[in-house]
Amino acid sequence: MAETGKSHVEPAGNGSYHPSAERLEELGIVGAGGGGFPAAAKFRTRVSLVIANAAECEPLLHKDKELLHHHAEPFLRGLRMAMEMVGAAEGVIGIKEKYHEIIAALEQQAPAGVRVVPLPDVYPAGDEFILVHLVTGRVIPPGGLPKDVDAVVSNVETLMNIGLDRPVTHKYLTVAGAVETPITLRVPVGISIGEVIEAAGGTSVSDFGVLLGGVMMAKPATSLEEPVTKTTGGIVVLPATHALITRHNAPWLHVQRVGRSACDQCRFCTEFCPRFLLGHPIQPHRAMQSLGFETGADAMVSTLYCCECNLCTMYACPEDLDPKTVCVQSKPLARERDLTFKGDPATITPHPMAEFRRVPMRRLIARLGLGEFNNVGPLTEYAFAPRTVKLLLKQHAGAPATPVVKCGDRVRMGDLLAVPEAGKLGARIHASIDGVVTVKSDAVVIEA
Ligand code: SF4
Ligand code: SF4
């Protein structure tokens, strides 16, 4: 392992790069913060403000902060390009106020029209709706987008990828929790999470579970063979007996049964819900009623505007119930019945106590039982040489990509492997290593 703080980021192209949505399509750039929304589709709009989302509020993750520390130049270039694409005169970097040194450095380097807005160290600050409100005071309407309030939000790494002007072949992520060396790494897309964990020195416990993307909005890994995608921002290893592993793996039948009998309708889940506090029509305690009763349309409407931040389940509920999963499970039915918000968005105003109910990160970490883990993740160079990578055809919002290679083809890193289906939302996929291709139903595999 080499010196901390260095990695393979090169200057953009040949200096003749003019940003355009078509170019972002060619490069296969998608939201790297977890959503995977194709950047080309996001930036085909006209707004006056671009917000760089550096809030990074998942506990133990440090990827965005590390990129801003070590690779501010391509990030700022990408932010300027994004502003140019959408015609925005203003750019804002929303970053936690605790990162004093990084804020000072960014303020020195920021180009004209770009300013830094320090954010409170709370969860969730990186949710687009919350971030837009923290930065501008505007409230995105229920079911709306930032452009509805004249803004676009983009993750730090996404903007850096725009500034780099090269196909997306690698992903930055933090490996955290029960590993020997918590670390932030640049890894080839498609490498197995097991190999990435080894690069962090391996696990520090023998019996463990793995959460992908963070601990709050996590997806539990089913195997160490699972590949890293363009949206994997974190790999968190925890002892198999840790409550977070148990809770993320709880079967829906168990959630239903316990929720039906144990919910005392105390409303804590609703009173802490960041979207409720924003004034949106969501009340998770009403969704909980649906486990035992045929509830009214207002309870069902409620579930559609859940951002799945998991605060109600992991922090607020004194009974350790799972209102977030109840909301998620209720969404399809609410959509089917078209139970959307039909009111006037202008009437939506944040709760008067919103500011005082934000959940500080240190309290969240303590509540989640994560205090024993080293909360660092320095960006460190590591020479990965995977024998094989598996590039999923669906690792972005929209439809799976269609392969343009066939079994036996030899490819070089950066070569095009798959393209979006004509007329559908999607993203191109490029080779992350040199090798020989095998095309599968859900992925293109490359053997080095
Ligand atoms: S906080 Fe828990 S017990 Fe209280 S209403 Fe919500 S789900 Fe029920
Ligand atoms: S997960 Fe819970 S707290 Fe978060 S938005 Fe949904 S209902 Fe609200």
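Entry 1, helix α7. I looked up which residues of α7 are buried, and found V156, E157, T158, L159, M160, N161, I162, G163 and L164. The model I am reading is a predicted one. The helix runs over residues 156-164 and is mostly covered, with nine of its nine residues buried. I then checked what follows the helix. Just after α7, D165 takes a positive phi of about 55°.

I placed R23 in helix α1, which spans residues 21-27. Is R23 buried, exposed or partly exposed? I note it as partly exposed, because R23 has 18 C-beta neighbours inside 10 Å, while a buried residue needs 20 or more and an exposed one has 12 or fewer. I also looked up the separation between R23 and L79. Their C-alpha atoms are 15 Å apart, and the two residues lie 56 residues from each other along the chain.

I asked how many residues surround ligand 2. The count is 14, and the closest are C273, C306, C309, C312 and K324. Next I looked up which elements give two or more residues to this shell, and wrote down α15 (311-316) and α16 (323-336). Which element provides the largest share of the shell around ligand 2? I found that α16 does, with three residues. Last, I sorted the shell around ligand 2 by residue class: 10 are nonpolar, one is polar and three are charged.

Methods
Residues are numbered from 1 along each chain as its sequence is written. Chains are lettered from A and ligands numbered from 1 in the order in which they are written. This is a predicted model: local features need pLDDT of at least 70, side-chain atom pairs count only at pLDDT 80 or more; totals for chains, interfaces and linings use all residues. Helices (H or I, at least four residues) and strands (E, at least two) are DSSP runs, numbered from the N terminus. A residue is near a molecule or strand if its C-beta atom, placed from the backbone, lies within 6 Å of it. Ala, Val, Leu, Ile, Met, Phe, Trp, Tyr, Cys and Pro count as nonpolar, Asp, Glu, Lys and Arg as charged, and the others, Gly among them, as polar.
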